Amino acid sequence: MYNTMIKGLCKVSNNVIAIALLRLMDERGCKPDVVTYNTVIDSLCKDKMIDDAFNLFKEMVFQKGISPSVISYSSLIDGLCKLGGRWDEASKMLQEMLDDGISPDVLTFNILVDAYCKEGKVKEAEDVINIMMLKRGILPDLVTYSSLIDGCCLRGEMSKAISVFDSMSFRGIFPGVVTYSSLLNGYCKSLKIEEAMNLFHEVTRKGLKPDECTCGIILEGLCNNHKIEEALTLFHLMGDSKLSYNIVVYNILKDGASKCGKLDIATVLFQDLTNKGYLKNKHYDDVEMLLEKMDEIGYSLDVSTLSLLIDSIAAGSLDTAMSTLISKLVPDELIDSPSYSA
DNA sequence: CTAGGGTTAG
């Protein structure tokens, strides 16, 4: 009961209340166990509050006499690695864990592999994987391979990334969107846009649904290769409603259009973006008030705003009252225009 | 049985 509540609080980073609840359950005679402590320790580590995490760890071990588990150590090691690579302290914790007779598992090793890869130390990451396999008999999994691929891509070593990708597939591990995302990012940054596009189409053919960030990577790649038209076509083909409200994607396209000298396109995109700000934040009341005001003063909607609102009505995100109001504001010259007649 | 992993784009 308490553990479930603490887990919920930690999920929304409400560490202060989570700790207060841990104290309360202790007072009420319901003793916090290693799961309770690990939940809060991990949450503190994720929020970069490493000192508080260590204090709680010490309290658990020395005051309560609860033995830490592989999860307690892994959380602390991950926190130290992500906090600007505090390697000395991280390896000290790793040693302490081994001295304690606790074996690292694949998640512990992945923390180390990922930390090395993020620093571009692919060789060191491979050493960790070899130790894991040969000395511990643990096989790398999807996350291990994905981190390694990402590390290679960050260094622009694409042929190496592909060979890791191939050996992963050979082992029967299916790549995830994150894996492809790293490769796409690597190709785009190496200005190998053809390879990136081929891979992107392969991902789509496989029926994998790239997330907003992956779409952003490929769109930016196209923009940086002076292919703004292709980027815009792809953006519309993606036809994802979440994507069309993504401010980062808009900025990528807007900046791309500017760089390619297509200032007219950039202006339209900027206008679209300012209009969508309203709708994304569900400030429907503000939009409605604005539309009413426009109606009062006899103002007509411009084409881009109108098409945005029509799309919203079609998507069912605007109610009937709004639709009626909008229809009153459609300028006469557009009433019989074929593009808006449906 | 409960607690831990890769989040990549402007």
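**Notes on a predicted helical model**

1. Asp105 sits in the loop that links helix 6 (87–99) to helix 7. Its side chain makes a polar contact of 2.9 Å with the side chain of Thr108.

2. Which residues does Asp105 touch, once those up to four places away in sequence are set aside? They are Val70 and Ile138.

3. Now for the overall picture. Chain A has 22 helices and zero strands. Of its 342 residues, 45% count as buried. If you take the contacts in chain A between residues at least 6 apart in sequence, 58% of them join residues at least 24 apart.

4. Two helix pairs are worth a look on your screen. Two packed helices are described by the angle between their axes and the distance between the axes. For helix 5 (residues 70–82) and helix 6, the angle is about 170° and the axes are 8 Å apart. Helix 5 is therefore roughly antiparallel to helix 6, as the angle is over 145 degrees. By class, the contact of helix 5 with helix 6 comes to eleven nonpolar, no polar and two charged residues.

5. The second pair is helix 1 (residues 2–11) with helix 3 (residues 34–46), which pack at about 5° with axes 10 Å apart. Are helix 1 and helix 3 roughly parallel or antiparallel to each other? They are roughly parallel, because the angle is under 35 degrees. Asn3, Ile6, Lys7 and Cys10 from helix 1 meet Val35, Thr36, Thr39, Val40 and Ser43 from helix 3. The residues of this contact divide into four nonpolar, four polar and one charged.

6. The largest nonpolar core has 88 residues, and Ile218, Leu219 and Leu253 have the most contacts inside it. Helix 7 (residues 106–118) gives the most to this core, with eight residues. To see the surroundings of Leu253, leave aside its neighbours within four places in sequence: the contacts are then Leu219, Cys223, Ile228, Ala231, Leu232, Phe235 and Leu269.

7. Most residues other than glycine have a negative phi. Ser13, in the loop between helix 1 and helix 2 (15–27), has a positive phi of about 60° although it is not a glycine. Lys48, in the loop between helix 3 and helix 4 (50–63), also has a positive phi, near 65°. Ser13 counts as partly exposed, at 40% relative accessibility. Lys48 is partly exposed as well, with a relative accessible area of 47%.

Conventions
Residues numbered from 1 in each chain as written. Chains lettered and ligands numbered in written order. Predicted model: local features only at pLDDT ≥ 70, side-chain atom pairs only at ≥ 80, totals over all residues. Heavy atoms only, no water. Core = buried A, V, L, I, M, F, W, Y, C linked by side-chain atoms within 4.5 Å. Buried < 20%, exposed > 50% of the residue type's maximum accessible area, 1.4 Å probe, protein only. Helix = DSSP H or I, 4+ residues; strand = E, 2+ residues; numbered from the N terminus. Contact = heavy atoms within 4.5 Å. Polar contact = N/O pair within 3.5 Å; in protein donor to acceptor, adjacent residues only side chain to side chain. Axes fitted to C-alpha atoms, helices over the stretch in contact; angles between N-to-C directions. Parallel < 35°, antiparallel > 145°, perpendicular 65-115°, else oblique. Nonpolar A, V, L, I, M, F, W, Y, C, P; charged D, E, K, R; others polar.
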